[in-house]
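Below is a set of questions and answers on a structure. Look at the sequence and the model, then work through the turns in order.

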Amino acid sequence: MNSYDFYLSGEKLSALSSGGLYWSDKKILCVSDLHFGKTHRLNRTGAGALPPYENIDTLKRLQADICATNPSCVICLGDSFDDRIAEQSFNNAETHLLKILQKDRDWIWISGNHDPYPSLQFGESISSFSKSSITFRHIALKGEIGEISGHYHPKISINLSNAQITRACFIADQKRLIMPAYGTYTGGLSVRSDEIKVLFENDATVMLTGNKIRTIPYSSCF
Amino acid sequence: MHIPDKISKWIRAKNWTLHEHQIRMFKSSECSSQLLIAPTGSGKTLAGFLPTIADLYLNPSQKLHTLYISPLKALASDIKRNLETPIKELELKISVEDRTGDTKQSIKKKQRVIPPNILLTTPESLALLMSYPEAPSIFSSLKRIIVDEIHAITESKRGDQLFLAISNIRKYCLDAKIIGLSATVNDPSIIAGWLAPANDCDIILSDPGLIPEISILKTSEPPPWAGAGGLYSIPEIITEIETHKTTLIFHNTRAQAEIFFHNLWLANSKNLPIAIHHGSLDKEQRNQVETAMVRGELRAVVCTGSLDLGIDWGSVDLVIQIGAPRQVKRLIQRIGRANHSHSGASKALIVPANRLEVLECFMALDAIYENKLDSEVQTQIPLDVICQHLLLVACAGPFLPVDVFNEIITLAKYKNLSREDFDQCLDFCISGGYALKKYNQWHRLIQTSDGSVKLRDPRIANRLRMNAGTIQDSDTLKVRYKSKRGKSNGSTIGEVEEAFAVSLTPGDTFLIGGKIVKFESLREMVVEVSPRPEKKPKIAVFSGTKFSTSTLLCDRILRTLEEKRWDNLPEYLCRWLEHQASFSKLPESNSVLIETFPRNELNYTCVYGFSGRNAQQTLGLLLTKRMEELALNPVGFVANDYTTLVWGLTKVVEPKKLLQGENILRGLDLWLSNNAVMKRTFRSVATVAGLIERNLPGIKKSGRQATFSSDILYDTLLKYDPNHLLLKATKIEAMQGLVDFGRIENMLEKTKNHITHVDLKRPSPFSAPLLLEAGRIPIHGSAIELMLDSEINSLISDARLEY
């Protein structure tokens with residue numbers, strides 16, 4: 001798999017082209033904003049009948065990252081479940097696959113704004129988790145150092161001569177990292193938006209997901 | 001039946017004489033269906049309404065008598081004005097109301113309880129009206145259904161939507177007569193088939209009127225080699241405007257209209273009152289232009305198809321068409337706009353936008369004089385429209401699927417609809433129709449034990465109604481002036497497409513409504529701009545509809561080239577054609593000409609298919625796929641209505657191989673399925689079928705993270721549910737419309753084994769202009785990734801960072 005190594009608070013981290021993050025020293029794989037059960041919620045409100053394939057697709061991509069890195073711990077950085085009853089959207093095959101992935105390794109659910117309550121069958125959630133000098137939480141806190149968060153689903157659009165390419169992306173400076181959304185049916189918020197801009201210094205780096213990781217200086221996005 | 005005395009007296013008092021076709025329409029108004037074919041401005045509407053007025057005069061009623069459907073909202077309100085005069089002067093008690101997207105909710109609600117005698121509406125509004133539980137009581141008294149501009153409606157999915165709705169309300173009013181009013185078309189029997197499946201439609205053809213005076217504008221400067229704007233003709237056009245009362249200047253796209261208007265304004269040294277009118281402008285601004293037109297205050301209006309249909313705009317005495325008209329019938333309808341209410345001949349000028357188009361313009365003129373019209377018929381059944389129809393039928397109340405199926409197959413076009421396809425549509429409406437069955441409790445529709453189908457939750461009816469409609473606008477954003485206090489409550493100027501809006505960076509300038517504006521910011525789905533008159537604009541990209549040149553015109557061009565009949569053509573054109581003949585070869589109708597030449601380290605292959613833009617683009621996809629298979633490293637292609645130019649790293653020595661072989665079409669599905677064209681079509685199909693919502697109040701404000709693109713849905717379906725109904729519907733539509741597959745197949749069939757290959761050292765006179773053509777399509781896959789890399793490298797070097 002393609003990855004890009006960088007340092008946050010002195011720790012070497014690898015941004016994976018899939019949108020996952022691997023911390024090889026601690027054998028931790030981190031993914032953010034899985035949004036399991038999103039079609040379940042949208043279809044319930046009468047919005048339509050969206051294709052119910054996001055759980056299996058997200059799980060299969062996660063499986064591929066787990067196979068490639070064989071982590072001893074997986075951290076899901078919040079908004080893993082789209083709402084309180086999202087677990088009802090799992091069919092047997094999906095439940096089975098997630099339980100297999102969880103087997104023989106630590107699994108940490110960080111709670112997010114979509115899933116502030118504990119999961120019924122996949123384990124408890126906590127609001128944040130710290131290891132060495134790094135803290136994992138769902139929504140970035142201003143002033144924190146060594147923080148990894150999700151929530152904003154950053155994406156970037158680049159204009160080519162006759163096409164516009166939009167990719168989910170990581171964005172990081174010396175103090176913090178914001179992860180791209182990993183779930184299949186998740187949109188994104190432009191890295192140029194004010195919400196993201198206030199969190200980063202000028203020297204931040206944007207890492208695009210895709211078939212390989214590409215990096216550009218955040219300052220060149222404007 | 002005779003025209004009642006009071007009415008004929010009134011007509012005489014007005015000094016009017018009824019046309020032959022108006023009398024015939026009246027006389028045969030007892031027929032169950034009638035179709036009137038008459039040119040613009042020949043009193044079609046009166047012919048349609050006269051029997052209604054007579055009947056209501058003799059038998060006054062409190063109920064709905066006549067339903068009138070037109071493709072344009074504006075046409076409905078125009079007709080309302082026109083009907084008010086006779087009703088007032090004849091002192092009739094006839095109520096006339098319109099019901100369109102612009103009608104207030106309170107009035108619409110009242111209309112469902114107390115409908116007027118004459119209801120003027122659009123296909124969309126009728127489909128919605130049908131979806132209310134009051135439908136049986138509204139339509140039970142209906143005597144006449146009039147479909148105006150039926151030739152335009154049946155050209156698109158709106159025709160399907162309209163006639164599905166009519167098939168549904170028919171059961172409430174079995175005796176209602178149906179009347180179609182149409183501009184001149186090639187084959188009236190096709191339209192008659194919509195009206196009367198039993199083939200008993202009374203077709204009335206009016207006197208075609210005087211042959212219009214059409215010519216090609218003579219300019220001091222010949223048309224340029226490439227381009228589409230016709231700017232070179234501005235000096236002569238100004239002269240024409242000065243010597244006529246009111247001139248309409250038609251363009252094929254909105255972007256071209258904007259650019260042309262901007263330049264016309266700069267050259268307008270005498271300050272003639274001229275304006276611009278197209279579908280992306282704010283309604284308020286369009287209204288102003290329309291009112292000024294009616295008052296005769298404008299000398300010229302630069303416009304697009306938004307002025308195509310028969311609204312009465314007063315004293316237009318000249319129509320100018322910029323760019324090749326692509327279809328003869330569209331040109332005729334546009335020309336009909338001149339001298340609309342007079343009996344004199346219309347006057348029109350055509351301005352070819354570039355040299356390739358000159359020939360096409362001459363061919364279109366010939367076709368008009370020979371009275372030949374093009375016919376390209378939609379024959380595929382759009383499954384997405386059936387889905388939308390079923391959802392709306394469900395909103396009116398529980399229904400038995402077999403009943404609705406039987407209603408639908410009464411329509412001529414749908415008589416071969418298979419029960420299997422219908423059931424698949426129904427299944428989609430009920431559960432989404434996915435191979436993976438999930439969460440049954442949340443289905444939109446449920447089927448009860450007696451087999452009838454109803455809404456799971458009646459509250460979602462409103463939501464379904466809000467999403468109805470078959471015209472698929474790409475997402476557009478409002479453009480507003482930023483007010484001084486920084487809030488975007490300034491006036492709305494118009495709309496631009498979302499894809500264009502996100503490509504803007506603050507400080508960029510673009511043209512809209514004839515003004516240059518500067519992009520300030522994008523706030524809550526509003527593009528905020530400030531006036532910036534002095535800068536050169538970056539151009540607004542309105543996609544608009546791009547029509548392909550019709551088979552009729554393409555064939556005529558080929559025949560002219562073959563027979564070398566060019567004595568009437570301008571000298572610069574003859575020289576160009578002769579140069580092509582001596583340097584390379586002229587294309588022929590029973591063989592495909594292929595030229596190959598090297599240029600700037602790339603190898604070009606130019607294929608003269610003469611199949612229209614969409615088909616030539618598809619040919620580009622086909623050729624590049626074959627090149628990939630043959631390891632010829634394709635890099636990109638570009639197409640116009642006649643030609644496809646592909647380029648790659650390796651020289652194509654045997655171009656025959658690109659077009660021949662048993663398996664040329666095999667695997668094209670997969671190649672196409674990853675193409676942007678398919679994804680765009682899917683978006684439209686999924687919206688019409690009700691998978692993706694639009695127009696939901698508040699949804700745009702909820703922030704971008706909450707939404708995700710239809711491309712993701714498309715990719716997921718392709719991966720996990722490749723046989724899904726919507727993928728099937730997407731393919732049907734793309735193959736026929738955007739991809740125009742039939743014409744490619746025809747071309748390949750016709751020219752089997754007849755390929756003329758000319759290997760050249762440099763571009764030929766015909767292929768050279770293509771090198772300037774806009775709209776190059778890169779080949780996805782490794783090419784786009786390489787481009788992304790180079791763009792990122794340039795971003796970094798622009799930022800002058802050590803990185």
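Q: Which residue of β2(A) stands opposite A:Leu8?
A: This is a predicted model. In it, strand β1 (residues 3-8) and strand β2 (residues 11-16) of chain A run antiparallel and are joined by six bridges. In β2(A), the residue opposite A:Leu8 is A:Glu11.

Q: Which residue in the turn between β1(A) and β2(A) has a positive phi?
A: Most residues other than glycine have a negative phi. The two strands β1(A) and β2(A) make a hairpin with two residues between them. In that turn, a positive phi of about 50 degrees belongs to A:Ser9.

Q: Which residue takes a positive phi in the hairpin of β2(A) and β3(A)?
A: Strand β3 (residues 21-23) of chain A pairs with β2(A) in the antiparallel sense over two bridges, and A:Ala15 stands opposite A:Leu21. Four residues lie between the strands of this hairpin. The residue there with a positive phi, near 105 degrees, is A:Gly19.

Q: What radius of gyration does chain A have?
A: Chain A contains four helices and 16 strands, and its C-alpha atoms fill a box of roughly 45 × 45 × 30 Å along the principal axes. For 222 residues, a compact globule would have a radius of gyration near 17 Å. Chain A agrees with this, at 17 Å.

Q: Among contacts in chain A between residues at least 6 apart in sequence, what percentage join residues at least 24 apart?
A: Of the 222 residues in chain A, 49% are buried. For the contacts asked about, the share that joins residues at least 24 apart is 65%.

Q: Is A:Asn55 buried or exposed?
A: A:Asn55 belongs to helix α2 (residues 54-69) of chain A. Leaving aside neighbours within four places in sequence, A:Asn55 is in contact with A:Phe36, A:Gly37, A:Ser89, A:Phe90 and A:Glu94. A residue counts as buried if 20 or more other C-beta atoms lie within 10 Å of its own. A:Asn55 has 30 C-beta neighbours inside 10 Å, so A:Asn55 is buried.

Q: How far apart are the C-alpha centres of domain 1 and domain 5 of chain B?
A: The domain assignment of chain B gives five entries, including domain 1 (5-205) and domain 5 (551-679 + 731-786). The C-alpha centres of these domains are separated by 46 Å.

Q: Which strands stand at the edges of the six-strand sheet in chain B?
A: The open sheet has the order β8-β13-β12-β9-β11-β10 in chain B, with parallel pairing. An edge strand has a single partner, so one side of it is left without a neighbour in the sheet. The strands at the edges are β8 (213-216) and β10 of chain B.

Q: Which helix lies across β10 and β11 of chain B?
A: Four bridges join β10(B) to strand β11 (residues 300-303) of chain B, and the two run parallel. B:His277 has B:Cys303 as its bridge partner in β11(B). Running at about 130 degrees to β10(B), the helix that lies across both strands is α13 (residues 283-294) of chain B.

Q: Is B:Glu91 buried or exposed?
A: B:Glu91 sits in the loop between α4 (73-89) and β3 (96-99) of chain B. B:Glu91 has a positive phi of about 50 degrees, although it is not a glycine. With 8 other C-beta atoms within 10 Å, B:Glu91 is exposed.

Technical notes. Residues numbered from 1 in each chain as written. Chains lettered and ligands numbered in written order. Predicted model: local features only at pLDDT ≥ 70, side-chain atom pairs only at ≥ 80, totals over all residues. Rg over C-alpha atoms; globule rule 2.2 N^0.38 Å. Buried ≥ 20, exposed ≤ 12 C-beta atoms within 10 Å, placed from the backbone. Contact = placed C-beta atoms within 7 Å. Domains from an automatic or database assignment. Pairing = 2+ DSSP bridges. Axes fitted to C-alpha atoms, helices over the stretch in contact; angles between N-to-C directions.
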